[in-house]
Amino acid sequence: MINQSVWNSIERYINKHDGVIRDLVEFKPDYTNELRKGGEVAVDPGLFLASRDTWMYSEMLKKAVSLVPDKSKTSFLIDLGAGNSIPSIVTMLDADHNVKVEAVEINHNAIDSSKNNAKSFGVIDRFSFHQGNMLQYLNQYNYNHDNCYIIASNPPYVPTNIDINENQEYSAINGGEDGLYYLKSILSSNLPKCSIVAVQWSSLSTPRKMINLIEENFKCLNVIAARVPFGIYTSKEKILSFLNVKKNADEVFFESDEDTNYYYIISTILQRID
Ligand SMILES: C[S@@+](CC[C@H](N)C(=O)[O-])C[C@H]1O[C@@H](n2cnc3c(N)ncnc32)[C@H](O)[C@@H]1O
């Protein structure tokens, strides 16, 4: 196999932290039970429909909130690139203590969906919405050091050769040349010491580089990887041809059978090493 060594690095990282590797190829995400209220599930899907990626993110957020040390206080979940906010809403409804969400999203329509969803589930008073660039938001954030923060993101993490600021068509997935444009900035931003950082990335996001970035400053509280088929964007020729270049250069990992490609989504819950 061409790029087995990339996979070996991922597997080593997961095993080192007692993580789990799942197969979600046959899995269909379903929030019906979690979001049922008065018999009905009223969800505005927004631009980003429920996918395995979104479902993994929801599971990671729930776990991250459960790891907060002091449940007598309100926790603040900063959701960077919140999409339609279903993962944050599911997390709030599941939490064993009070959680407030700051949903940050560049896309106006996704912010509108988030507001509709938060309203439908009666949690709008625990949300604040910020339309704009997540990195700018994070850099200007004024932390209150008495609070516990969960800084979370399922950011665009697919490597492409498309200018981040130029082509809006790919803004939900475009992670820049190495897929780490957002992840790198989130991990290197000035986060409060006790904060929990929950970030989703993948075997396409230059994993060896990502693991080094994590290990420089963070300990791992939880890691889960899930094998999934390529989605709508990753299957487009423009994206796929670049991913093949990266695969041949031994920088990313995906595998193929007859007509389908598969990659791994990786959810990591981290805490800064002080
Ligand atoms: C992979 S999607 C994840 C959406 C949602 N959190 C989920 O898990 O379903 C990435 C999201 O980030 C948003 N996004 C892209 N660039 C952004 C930026 N610079 N600032 C804020 N949000 C951004 C996209 O519009 C998209 O909704």
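The model is predicted. Its protein chain contains 8 helices and 9 strands, and 19 residues surround the ligand. Strand β6, residues 196-202, is largely enclosed by the rest of the structure, since 7 of its 7 residues are buried.

**Overall fold**

- The protein chain has a radius of gyration of 18 Å, which agrees with the value near 19 Å that a compact globule of 274 residues would have.
- Taken along the principal axes, the C-alpha atoms of the protein chain fill a box of roughly 50 × 45 × 35 Å.
- Buried residues make up 39% of the 274 residues of the protein chain.
- Among contacts in the protein chain with a separation of 6 or more, 78% are between residues 24 or more positions apart.

**Ligand shell**

- Of the 19 residues around the ligand, the closest are T54, G81, G83, M134 and N154.
- Helix α2 (52-66) and strand β3 (99-105) each contribute at least two residues to this shell.
- The shell comprises 11 nonpolar, 7 polar and 1 charged residues.

**Strand β6 and its partners**

- On one side of β6, the residues I196, A198, Q200 and S202 point one way, while V197, V199 and W201 point the other way; residues of both sets are buried.
- Strand β5 (residues 148-153) pairs with β6 in the parallel sense, over 4 bridges.
- Between β5 and β6 the chain passes through helix α6 (residues 181-188), forming a right-handed β-α-β crossover.
- Within the pairing of β5 and β6, A152 stands opposite A198.
- Strand β9 (residues 261-272) runs antiparallel to β6 and is joined to it by 7 bridges.

**Residue I111**

- I111 is located in helix α4, which spans residues 108-120.
- This residue counts as buried because it has 22 C-beta neighbours inside 10 Å, the threshold being 20 or more.
- Leaving aside residues up to four places away in sequence, I111 touches E105, F129 and Q131.
- I111 and S85 are separated by 26 residues in sequence and by 8.4 Å in space, C-alpha to C-alpha.

- D18, although not a glycine, has a positive phi of about 50°.
- The residue D18 belongs to the loop between helix α1 (4-16) and strand β1 (20-23).
- D18 is exposed, because 9 other C-beta atoms lie within 10 Å and a residue with 12 or fewer counts as exposed.
- T206, likewise a residue other than glycine, has a positive phi near 40°.
- The loop that holds T206 lies between β6 and helix α7 (207-217).
- T206 counts as buried, because it has 26 C-beta neighbours inside 10 Å.

Terms used:
Residues numbered from 1 in each chain as written. Predicted model: local features only at pLDDT ≥ 70, side-chain atom pairs only at ≥ 80, totals over all residues. Near = placed C-beta within 6 Å. Nonpolar A, V, L, I, M, F, W, Y, C, P; charged D, E, K, R; others polar. Rg over C-alpha atoms; globule rule 2.2 N^0.38 Å. Contact = placed C-beta atoms within 7 Å. Pairing = 2+ DSSP bridges. Right-handed = clockwise from strand over helix to strand, strands pointing away.
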